[in-house]
Amino acid sequence: MNFDLQAIRSQFPALAITDNGTRRIYFDNPGGTQVPVCVAEAITDCLLTKNSNLGAFFASSSDADVVVQSAREAMADFLNAPSAEEIIFGQNMTTITLHLSRSIGRLLRTGDEIILTQMDHDANVWPWVLLARDLDLKIRWLPFNTDSFEFDLDDLDNLLTDRTRLVCVGAASNLTGTINDVTAICARAREAGVLTYIDGVQAAPHVPIDVQEIGCDFYVCSAYKFFGPHQGILWGRREVLEQLEPYKVRPAPAELPWCFETGTQSHEGIAGIAATVDYFASIGRSMAQDHAGSWSHFSGRRQHVHAAMDLLFNYEKSLAIHLIEGLVGIDGINIQGIAAADAMYRRVPSVSFTHKNVPPDVIAAALAKQNIFVWSGHNYAVEVAKTLGIYDSGGVVRIGPVHYNSVAEIDEFLLTLVPILRA
Ligand SMILES: Cc1ncc(COP(=O)(O)O)c(C=O)c1O
């Protein structure tokens with residue numbers, strides 16, 4: 001069986017909600033996705049039958065131990081991590097990054113340099129700027145080309161010096177949608193002996209991830225952006241994690257991965273993460289057999305998940321092409337991202353645009369009145385909006401389809417948009 005949209009949509013109760021008889025169209029997905037029933041059930045089951053703190057002698061605690069361990073194994077499959085012990089859970093990407101940056105900072109000395117990018121969400125910018133302020137480090141900025149919406153990696157070569165210790169870069173932009181070549185970036189950083197911290201929050205809902213192939217040292221993402229609960233996940237390379245001093249309280253375990261998890265985690269959220277990975281695996285098993293061959297070096301769930309992501313990426317590419325073609329045909333619209341139909345493999349389907357007359361928040365509010373959900377503004381991509389010169393004019397309107405959206409929803413959005421822009 002190939003991609004079956006109805007079979008997918010039927011698993012998401014939120015997609016069937018109506019308000020005063022009007023359907024909802026969810027294009028707010030880069031801000032957070034809806035969840036399938038299996039994820040909500042796993043969360044409920046954890047709360048109702050496995051609700052205990054970890055590591056005790058009694059049954060509910062052993063059950064909770066299994067929940068957390070299973071979720072680590074699931075995320076190791078999702079990211080192709082070498083070991084579940086390298087998977088660290090936390091509240092969200094921002095909190096994890098602020099936390100880990102303190103430990104990473106212990107490796108750095110005054111005058112050391114960190115490379116940040118103008119394409120990144122502030123969660124992979126400001127924690128490092130704060131660290132640089134505290135430790136007297138130097139920040140160097142990797143720009144992006146405002147015509148191509150991509151990095152020129154020669155610029156990275158020019159920024160790397162013998163004082164560079166860390167490169168922080170997003171795998172996909174939450175504003176432009178660009179997929180960055182993090183494998184090439186990490187190769188250059190590795191050659192220079194520099195650590196890499198990859199923000200995978202906007203890549204994880206759309207592309208198969210293989211941290212070993214990417215060659216990074218850290219990869220961080222958030223389950224609520226990929227059909228799961230509000231949870232953050234970090235993969236760290238064991239040799240690097242072992243060099244870090246964990247910021248922890250004394251009785252907390254000193255071993256990986258526990259030493260980087262502060263206090264009691266949301267076990268129910270963690271249960272939901274495992275179910276989210278299993279959701280992708282079920283798509284892989286039932287719909288993505290044609291893609292399994294590309295992942296024959298993996299087996300079991302790891303293979304199914306990666307095959308599923310290939311299938312979903314292909315479908316989403318068709319949505320992105322349709323959306324961009326429609327937007328390009330509307331007078332006064334400027335797409336703030338890659339728009340060429342033959343370059344869709346270099347972007348995720350989150351498409352941001354500005355209009356020559358109508359401000360982004362006015363457009364988003366008018367769409368909301370028609371029950372079409374979109375985000376407007378800079379969406380915390382502060383450096384990106386500043387670089388594009390749209391920070392002070394209200395940022396962008398961002399249309400973010402995912403695999404549960406349809407071409408029909410895009411058409412309805414486009415039909416609704418045109419009169420809003422004329423008003
Ligand atoms: C690219 C990117 N990085 C980081 C974040 C922050 O994620 P979290 O809400 O999990 O802290 C977001 C949230 O929108 C994002 O889009």
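Begin the tour at the end of helix H3, where the helix is followed by Asn80, a residue with a positive phi near 50°; helices here are DSSP runs of H or I with at least four residues, strands are runs of E with at least two, and both are numbered from the N terminus. The model is a predicted one, in which local features need pLDDT of at least 70 and side-chain atom pairs count only at pLDDT 80 or more, while totals for chains, interfaces and linings use all residues. For every selection below, residues are numbered from 1 along each chain as its sequence is written.

**Asn80 and helix H3**

Asn80 itself lies in the loop between H3 and S4, and its phi is a positive value in a residue other than glycine. Most residues other than glycine have a negative phi. Asn80 counts as buried because it has 20 C-beta neighbours inside 10 Å; the scale used calls a residue buried if 20 or more other C-beta atoms, placed from the backbone, lie within 10 Å of its own, exposed if 12 or fewer, and partly exposed in between.

Now step back and select residues 59-79, which make up H3: its 21 residues reach 30 Å from the first C-alpha to the last, close to the 30 Å expected at 1.5 Å a residue, where the expected span is 1.5 Å times one less than the number of residues. Among the buried residues of H3 are Ala64, Val67, Val68, Ala71, Met75 and Leu79. An α-helix has 3.6 residues a turn, so residues three or four places apart point the same way.

Around Ala308, and not counting residues up to four places away in sequence, look for Phe280, Ala281, Ile283, Gly284 and Ala288, which Ala308 touches; contact here requires C-beta atoms, placed from the backbone, within 7 Å.

Across the boundary, 31 residues of domain 1 are in contact with 30 residues of domain 2. On the domain 1 side, helix H12 (300-328), strand S12 (351-355) and helix H14 (382-387) each supply at least two residues, and H12 gives the most, with 7 residues. That side of domain 1 divides into 16 nonpolar, 9 polar and 6 charged residues, where Ala, Val, Leu, Ile, Met, Phe, Trp, Tyr, Cys and Pro count as nonpolar, Asp, Glu, Lys and Arg as charged, and the others, Gly among them, as polar.

Select the ligand next: of the 14 residues around it, Asn92, Thr94, His121, Asn174 and Ser222 come nearest, a residue being near when its C-beta atom, placed from the backbone, lies within 6 Å. The shell has 4 nonpolar, 9 polar and 1 charged residues.

Thr94 is also one of the buried residues of H4, which include Met93, Ile96 and Leu100. What covers the buried residues of H4 includes strand S4 (87-90), helix H5 (126-135) and strand S7 (164-170). Within H4, go to Gly105, which counts as buried because it has 24 C-beta neighbours inside 10 Å. Leaving aside neighbours within four places in sequence, Gly105 is in contact with Leu131 and Leu135, and the C-alpha atoms of Gly105 and Leu135 are separated by 7.7 Å although they are 30 residues apart along the chain.

**Helix H10 and the remaining stops**

Helix H10 (residues 267-287) has 18 of its 21 residues buried, so it is largely enclosed by the rest of the structure. In the loop between helix H9 (238-241) and H10, select Pro257, which is joined to Leu256 by a cis peptide bond with omega about -10°.

Finish at Ala341, in the loop between strand S11 (333-335) and S12, which counts as exposed because it has 12 C-beta neighbours inside 10 Å.

How values were computed:
Contact = placed C-beta atoms within 7 Å.
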